[in-house]
Structure formats: structure tokens, C-alpha cells
Amino acid sequence: MLKQRLLTAALLIPLVIMAILLLPTIGMIGLLTVVALMAMWEWLSMAQMQPLIKVLASLSFIAALLALLALAGINHMLLTGLVFWLLISFIIVLFANRPLPSSLAQLFHNKFVTYLLSMLVALLFVYSTVWLHGIAGKGPWLVLYVLISVWLADTGGYFAGKRWGKHALAKAISPNKTLEGLMGAIVLVMIWSIMAYFMGISQFLSLPLWIFISVLTGLVSVSGDLFESLFKRSYQIKDSGSLLPGHGGMLDRVDSLLAAVPFFAALLWLTGQF
């Protein structure tokens, strides 16, 4: 499994990096829309929705995205992403080690609620990434920065958890995740944030603020992973799909990014320097 994961990553990561650095913003919109639609399709499939419903949901996503890109104020969407993922993180912390109450568990099995959540998460992700990518001068590098941060958090969490993991992080949601793994993730993100700061990626932010934003983003990326795990556990599903060998489906691969990118973009916007 690890060999498959590494091989898939070795093939995909260079393509992703080139797309981020070389594509114009309109090209990024197209690429992100495809990724979001694939993740959304898998999410709706977990809820056992019919193909026609998934097609209509996909079309509604495209229509909503075009409307947002044309009409929405930046502050409204970025702040929505910040508040939404703070709320989700609060729910994750609250029920990390105890079962969801029946009322909340029923929401996860409500097809309309699942549709709304998948739409909101996908829209926030695409909108925030497009905003980030469009920042003059450093936009593509900031997108690449947050992607690498999430990849390192995932890597640090996996290997630190394997080596030192003893204390469960969220045993009611994802029993394999540990507090030691979380610490490994944060350490790698901190090291990467310091390296990126001296590479000039942070622009006008101070080093302590840059590290603070990066660490918070790393923590929220774990919330994105655990949020998907809540859905998979409620439907007794291991992977959202089988598109990527060793990684599961597209949603399994981008679940952390779905949370991290909107949160990171919102925090940068709040500094007033971007």
C-alpha cells in the first residue's frame, strides 16, 4: 500500500506543481472545477444518490460557481470559509472521542443536507484557490505553499504516528490517528513555514504571524480529513473511491485541502497585506 501511495504521488505531484505555476487563472478555474466535481461526485455516491441526481447536482455546482466568480464579494466568501471550517473543527473536537448524537448523525444520512454540504465545501475550495492564485506576484507560489503544507502535515502525521503513536486523537472518528502523529504534522509544517519565509513567499508578514497562520492551517487540514472520515464511518465506507491507487478516491486525496485552502486564504485576507 505504501509503495502504491508513493508511486502515485511521484507521478501526480510534478503535474500538480506545473499546473499551479504555469496555468493562467482561467486554466486553474477549469482544473479546480474538474477536481471539485470529482470529489463532489464521490461524496454524493457515498450517500447512495442516483446518477441523475448527481448529474443535476454537478450542473448546479457549475452554475453556482460561475455566479460566485462573477458576483460575490471576496470578503463574504472568504469569511464564510473561515467560519465554516472553524465550526466543523469545533464539532470534530467535541465528538472526537464520543459518538455523534442521533440528531447530528441523522443529518449525515440526509441526502439534501449531504448535497448542500458537498456544494458549499466544493465552492469554498474553488473560490478560495482562485483568489489565492490570482494574488499579484506570489499567487501561484502561495497556492503551492499551502499544498506542500498539507502534504507535509499528512506525511508527518503518518510517519510520526507509526513510530511513536500511542494516544488516540479522535478514536470515535479515525482510530488510527494519534496525538503523536498530530505533533509530527505540526513540526513539519513549522519547519516548512520557516523555510518558505526565508524564501520570500510570505511577502510582508512577520515570521511569528506566518508560522501561526501556517500551523492553524495545518490543524484545520486535519479537520478536513476527519470531517470526511465522519461521513465514511457513518456509511461504513473505507474509501470514497478507487481512482488513485493507494490513495482511494479523489475526495480521499483532497479532503484536507478542501479545508486548508479556504482557511489559509481567509487568514491571509484578514491580515490586510494581500
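Helices α2 and α6 run roughly antiparallel to each other, because angles over 145 degrees count as roughly antiparallel and their axes cross at roughly 160 degrees. The structure described here is a predicted model.

## Helix pairs

Two packed helices are described by the angle between their axes and the distance between the axes.

| Helix pair | Crossing angle | Axis distance |
|---|---|---|
| α2 and α6 | roughly 160 degrees | within 10 Å |
| α7 and α9 | about 55 degrees | 10 Å |
| α4 and α9 | roughly 65 degrees | within 9 Å |

The crossing of α2 and α6 is right-handed. On the α2 side, the contact involves Thr 25, Met 28, Ile 29, Leu 32, Ala 36, Met 40, Trp 43 and Leu 44. Among the residues of α6 that they meet are Tyr 115, Leu 117, Ser 118, Val 121, Ala 122, Phe 125 and His 133. Sorted by class, this contact comprises 15 nonpolar and five polar residues, with no charged residues.

Helix α9, which spans residues 207-234, takes part in the two other pairs. One partner is α7, formed by residues 139-164. The angle of about 55 degrees makes α7 and α9 oblique to each other, and α7 passes α9 in a right-handed crossing. From α7, the residues in contact are Leu 142, Tyr 145, Val 146, Val 150 and Ala 153, while α9 contributes Trp 210, Ser 214, Thr 217 and Ser 221. Six of these residues are nonpolar and three are polar; none is charged.

The other partner is α4, made up of residues 74-94. Here the two helices are roughly perpendicular to each other, and the crossing of α4 past α9 is left-handed. Trp 85, Ile 88, Ser 89 and Ile 92 of α4 touch Val 220, Ser 223, Gly 224, Leu 226, Phe 227 and Leu 230 of α9. Seven nonpolar and three polar residues make up the contact of α4 with α9, which again has no charged residues.

## Cavities

Rolling a probe the size of a water molecule over the atoms shows where empty space is left. In this structure, a search of the whole model finds two cavities of 30 Å³ or more.

The largest cavity has a volume of about 60 Å³. Its lining consists of Trp 43, Trp 85, Val 121, Gly 224, Phe 227, Glu 228, Leu 251, Asp 255 and Leu 258. At least two of the lining residues come from each of α9 and α10, the latter covering residues 250-271. The lining of the largest cavity divides into six nonpolar, one polar and two charged residues. Trp 85, Gly 224 and Phe 227 are among the lining residues and also belong to the contact of α4 with α9.

The second largest cavity has a volume of about 40 Å³. Ala 36, Ala 39, Met 40, Trp 43, Ser 118, Val 121, Ala 122, Leu 251 and Leu 258 form its lining. Two or more of these residues are given by each of α2 (25-46), α6 (111-133) and α10. Helix α2 provides the largest share, four residues. By class, eight lining residues are nonpolar and one is polar, with no charged residues.

Note on methods: Residues are numbered from 1 along each chain as its sequence is written. This is a predicted model: local features need pLDDT of at least 70, side-chain atom pairs count only at pLDDT 80 or more; totals for chains, interfaces and linings use all residues. Side-chain values use heavy atoms; hydrogens and water are left out. Axes are lines fitted to C-alpha atoms, for helices over the stretch in contact, and angles run from 0 to 180 degrees between N-to-C directions. Angles under 35 degrees count as roughly parallel, over 145 as roughly antiparallel, 65 to 115 as roughly perpendicular and the rest as oblique. A crossing is left-handed if the near helix is turned anticlockwise from the far one by less than a right angle, and right-handed if clockwise. Contact means heavy atoms within 4.5 Å. Ala, Val, Leu, Ile, Met, Phe, Trp, Tyr, Cys and Pro count as nonpolar, Asp, Glu, Lys and Arg as charged, and the others, Gly among them, as polar. On a 1 Å grid over the protein atoms alone, a cavity is a set of points where a 1.4 Å probe fits but cannot get out, and a pocket is an open set with protein on both sides within 12 Å along at least five of seven lines; lining residues have an atom within 4 Å of a point. Grid points are joined across faces, edges and corners, and a volume is the space filled by probe spheres set on the points.
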